[in-house]
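User: Please go through some of the labels used for this model and show how each one is reached.

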Amino acid sequence: MKEVFIVADNIFSPLGQTTGDNFDTVLAGNTGIRQHQRPRMSAVSFYASLFPEGTQLLPGNAGYYTQFEKLLIASITGALQQTSIDITGSNTLLIISTTKGNISLLENAAIGPELLQRVSLSQSAAMVAKWFGLANKPLVVSNACISGLLALLTGKRLIQSGQYDHVVVAGADVISQFVLSGFQSFQAISDGPCRPFDAARNGINLGEGAGTILLTADKKYESGITLRGGATSNDANHISGPSRTGEELYQAISRAMEEAGVNKEEISFISAHGTATIYNDEMEALAVSLAGLADTPINSLKGYYGHTLGAAGIIESVIAIQSLRQNKVPASRGYHSSGVTKPLAVATGVQEGKYHYCLKTASGFGGCNAALVFNKA
């Protein structure tokens, strides 16, 4: 099967505007999560990783582009600065990953045909594609919290099928009153910094940001990392409650590993979804146990970024790729003692070793699950 190489990547977040800045900040144990008082978003204070109000995402006048679209453009630009690939040709596709897009536009404007067109994800994707002069109509992937991993897997499959030589995968989400109030209605927001897999965890922190990964079939552009395998599954359990057994995420993990041609002993570490909600963390621990990976180092990055929704899978994959490159796995911030029923080797400090394979997982509303395997040559 045709290999799919990672060419370049970027993270544009409250922790930094480059992959290097973000990885260094995470390794140092620093977080973007803060307590915020923003009456326009919430009547009560909340913890989240947000850009400072008034942050200039693009230089000059970006005209009609929204904050969401500017985030995507800024991150894609950062990734493209690392490669000489011309993405304007007919052999390149742009895939956008998001869960909410421009949904915040509905908060303060009268509903009408123009607004409905402006809030559509396809409109945003088209505008981003126009900014970069892309030849092909972009693809949008919006499937709850696995959107980022599913977008990467879609890009991988489109390359391996021979439809494209290069695929730019970019994900972003912006936190607004609409988004925050939805999670508050679920009583899913933590009253402090989130604590994935910890006994005292009580909910998520939200976060905003963007991530980009450029995939290619052309070995001359490769940078030592390949996307070796991937798979998805669905719990068919509940619209917001995950599987009670973890079997469905385990299915995605096992199929991704099978496609990658790797066994459980070869997985160096796991970059988990780890939302710090009671049921998601438990389900993920069950799946990891079923996969025979209980002794494999595992971390969650939600304690640094919060849950960045449609960007999460891409941002966290970029950090995982850097972990492979630098042989350093960041600590799982906020973890002190296990709060799940199956043992996990949660990283309580930066771990160093010789790492070759990383398993990345994600799960989301509607019972969706995804798993990817990255490899360092």
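Predicted model: local features only at pLDDT ≥ 70, side-chain atom pairs only at ≥ 80, totals over all residues.

Analyst: Residues are numbered from 1 along each chain as its sequence is written, and side-chain values use heavy atoms, without hydrogens and water.

User: Why are H7 and H8 called oblique to each other?

Analyst: The axes of H7 (residues 247-260) and H8 (residues 278-290) cross at roughly 50° and come within 8 Å. Angles under 35 degrees count as roughly parallel, over 145 as roughly antiparallel, 65 to 115 as roughly perpendicular, and the rest as oblique. H7 and H8 are therefore oblique.

User: What makes the contact between H7 and H8?

Analyst: H7 contributes Glu-247, Leu-249, Tyr-250 and Ile-253, and H8 contributes Met-283, Glu-284, Ala-287 and Leu-290; contact means heavy atoms within 4.5 Å.

User: Why is one side of E2 and of E7 left without a neighbour in the sheet?

Analyst: The open, mixed sheet has the strand order E2-E3-E7. E2 (33-36) and E7 (206-207) stand at its edges with a single partner strand each, so one side of each has no neighbour in the sheet. E3 (residues 46-49) pairs with E7 in the parallel sense over two bridges, and pairing requires at least two bridges found by DSSP.

User: How do you know whether Leu-309 is buried or exposed?

Analyst: Buried means under 20% relative accessible area, exposed over 50%, and partly exposed in between, with a 1.4 Å probe and protein chains only. Leu-309 has 2%, so Leu-309 is buried.

Conventions:
Axes fitted to C-alpha atoms, helices over the stretch in contact; angles between N-to-C directions. Helix = DSSP H or I, 4+ residues; strand = E, 2+ residues; numbered from the N terminus.
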